[in-house]
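Hi everyone, thanks for coming along. I'd like to walk you through one chain today, going from the overall picture down to single residues. Let me put it up on the screen.

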Amino acid sequence: MFMGTYEHGLDAKGRVIIPAKLREELGESFVVTLGLDGCLFAYPQSEWEIFADKLKSLPGTKEGRKLQRAFLANAETCDMDKQGRVLIPAKLRDKAGLSKEVVFVGVLSKLEIWSKEKWAGIDDDVDDIEDLMENMAQYDLTL
């Protein structure tokens, strides 16, 4: 299970070091695709297959096809080198606004990859824990 927040720099070639604590679970080869709220999602191969099966089972409606295209047309397999670096494809870097500083956020079965600037706004929302806690009951979550 992925959790935690880690910051790393993106080099001039578009490579970033995967935090050491995340490498084993992510695997040497994993899938990166568009995420929600302006980030990228990175899935270990096993989790990607589960997600792809869910996409495959969507109905052939216009909305189902759009979801399949959004995630699959933008999916890329990425390979980690011996130094723990990975090249994030330029198309995905551009769509997520990744430039110099990258934030990895562990979210259960996947990693979210954010630009530092975008993450700062999202992190402010997460820090408002009182509002979040008030909504926990509707999801059957208790402390």
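So, of the 143 residues in this chain, 35% count as buried, where buried means under 20% relative accessible area, exposed means over 50%, and partly exposed is in between, with a 1.4 Å probe and protein chains only. Before I go on, a word on where the values come from. This is a predicted model, in which local features need pLDDT of at least 70 and side-chain atom pairs count only at pLDDT 80 or more, while totals for chains, interfaces and linings use all residues. Residues are numbered from 1 along each chain as its sequence is written, and side-chain values use heavy atoms, with hydrogens and water left out.

Now the overall picture. The chain has six helices and eight strands; these are DSSP runs numbered from the N terminus, H or I of at least four residues for helices and E of at least two for strands. Going along the sequence, the order is β-β-α-β-β-α-α-β-β-α-β-β-α-α. A compact globule of 143 residues would have a radius of gyration near 15 Å, and the 16 Å of this chain agrees with that. For that number, the radius is taken over C-alpha atoms, and the globule rule is 2.2 Å times the number of residues to the power 0.38. Along the principal axes, the C-alpha atoms fill a box of roughly 45 × 40 × 25 Å. Among contacts with a separation of 6 or more, 57% are between residues 24 or more positions apart, a contact being heavy atoms within 4.5 Å.

Let's zoom in on strand 4, residues 40–44. How many of its residues are buried? Five of the five, so strand 4 is largely enclosed by the rest of the structure. Leu40, Ala42 and Pro44 point one way, while Phe41 and Tyr43 point the other way.

Which strands does strand 4 pair with? One is strand 3, in the antiparallel sense over five bridges; two strands pair if DSSP finds at least two bridges between them. Here phenylalanine 30 has proline 44 of strand 4 as its bridge partner. The other is strand 8, residues 110–115, which runs antiparallel to strand 4 and is joined to it by three bridges. On that side, alanine 42 stands opposite leucine 111.

Aspartate 37 has a positive phi of about 65° although it is not a glycine. As a reminder, most residues other than glycine have a negative phi. Aspartate 37 is also exposed, at 66% relative accessibility. A second case is leucine 108, in strand 7, residues 101–108. Leucine 108 has a positive phi of about 60°, and its relative accessible area of 55% makes it exposed.

Next up is helix 2, residues 45–56. Its 12 residues reach 16 Å from the first C-alpha to the last, close to the 16 Å expected at 1.5 Å a residue; the expected span is 1.5 Å times one less than the number of residues. Which residues of helix 2 are buried? They are Trp48, Phe51 and Leu55. Seen down the helix axis, these buried residues fall within an arc of 65°, so they line one face of helix 2; the arc is that of the directions from the axis to the C-beta atoms. They pack against strand 3, strand 4 and helix 3. Turned away from that buried side, helix 2 carries the exposed residues Lys54 and Lys56.

Two more residues before I stop. Valine 102 lies in strand 7 and is buried, with a relative accessible area of 0%. Setting aside neighbours within four places in sequence, its contacts include Tyr6, His8, Val16 and Trp114. Lysine 82, by contrast, is exposed at 83% relative accessibility, and sits in the loop between strand 5 and strand 6. The C-alpha atoms of lysine 82 and glutamate 28 are separated by 9.0 Å, with the two residues 54 apart along the chain.

That's my tour, and I'm happy to go back to any part of it.
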